[in-house]
Amino acid sequence: MRQYCRRFLIGETNVRGQYVALSEDLERILSQRHYPPAVRDILAEAILAVALMADSVKLNGSMILQIQGTGTVNTVVAQATHEGHLRGLAHWNEDIEISESDYSSLIGKGRLVMTLDGDDDRRYQGVVETTGNSLTENLIHYFDQSEQLRTRFWIGFSDHQGTVSGRGMMLQQLPDAKVDGDDWSRLQMLADTVTEFELMSLDVEDLLFRLFHEDQVEIYPGSELKFQCSCSRQKVEATLCQFGKEEVDQILKEEGIIQIDCEFCGQHYEVDAFRAYELFESGTESSEAIH
C-alpha cells in the first residue's frame, strides 16, 4: 500500500481536510520496541495524528506531539517533518503488567505538548492538560484552547498477522476564516457515518465522494510519507558537549567508551576517549541534540 498524505478543501465551507495512509513504515516505527498492544495502539494513533496535522502547517521543520503522563504510559512522542519523515516512541512502566486499554487510565494525569520546530530556529509550543478518553479528544481540546480552530479526527488502524496499517482523516476550519455553524455540524455528521472498514479500505477519492458528494471537494496532489530518523553522529556529539567535559570524563572512566543507542531507530553510536578529547579541545558547540 502506498503511504501518503492528501489535502482537500470542501466547497465554499471554509473547511479543509487531510487524509493519510500508512502501512509498512508505521509497522517499522512500532517494531523498534516490544510494545504491549495497548501502548502500541496509542503510539500508532499519535503517529497518524501528527502526520495529519504536520502537512497542514506551512513550516520547514518538524511538528512534535508529546504526551507526558503520570500513568503506566508516561511518555509518547510522535514527530513528522515537512518532508514527510515520521518517527515515534513510547515509554511505559515495564514492571507493571498492562491489563487495561483505556487511554485515560494508561496516561493518567498529564499534559499534551505540541511543538513546531522550524529550520530557521523559530519554535512554537502549546500545552494543554490531558483530558478525555482518547488522544483525538485531547487534540480537539488542544485546538479549541490553543488555536481556536474547529478540528475533528477520524483514525483507524488494523493489525493483520502482526503487521499494523493505519489511515486517518482530519477536518479543520481554515485559519482566519469563519465557518458557518450549520456547515460544520453537517460535515461532522457526514464524516461520523464512516465505518472503520470504509476508512481502511476505500481510497481517498472514493472515501470523500462517499462522505461529501453533495459538496464540491477539491483534492490536491499528495506527498509521500516514510519512516526516517533524524539522529546523526553530529547530534550525538553535540549532546555530549552539552553534558560537559567533567561528566563525559566520568562516564569514560567508568565505562571506557561512550555508547548511545537512538530510541527512535536503534542506530548505535560509540565515542571513545580520543574523540571526546577532540570535541572538548576544539570547543565544539552546537544546539543540536537528539530529542
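1. A residue is called buried when its relative accessible area is under 20%, exposed when over 50%, and partly exposed in between (1.4 Å probe, protein chains only). The model discussed here is predicted, so local features need pLDDT of at least 70 and side-chain atom pairs count only at pLDDT 80 or more, while totals for chains, interfaces and linings use all residues. Residues are numbered from 1 along each chain as its sequence is written, and side-chain values use heavy atoms, with hydrogens and water left out.

2. After H8 comes Gly244, which has a positive phi, near 100 degrees.

3. Helix H5 (residues 181-191) contains Trp184, and this Trp184 counts as buried because its relative accessibility is 7%. Leaving aside residues up to four places away in sequence, Trp184 touches Val15, Arg150, Thr151, Arg152, Leu171, Gln172, Gln173 and Val179.

4. How far apart are the C-alpha atoms of Trp184 and Glu198, which are 14 residues apart along the chain? The separation between the C-alpha atoms of Trp184 and Glu198 is 22 Å.

Technical notes
Helices (H or I, at least four residues) and strands (E, at least two) are DSSP runs, numbered from the N terminus. Contact means heavy atoms within 4.5 Å.
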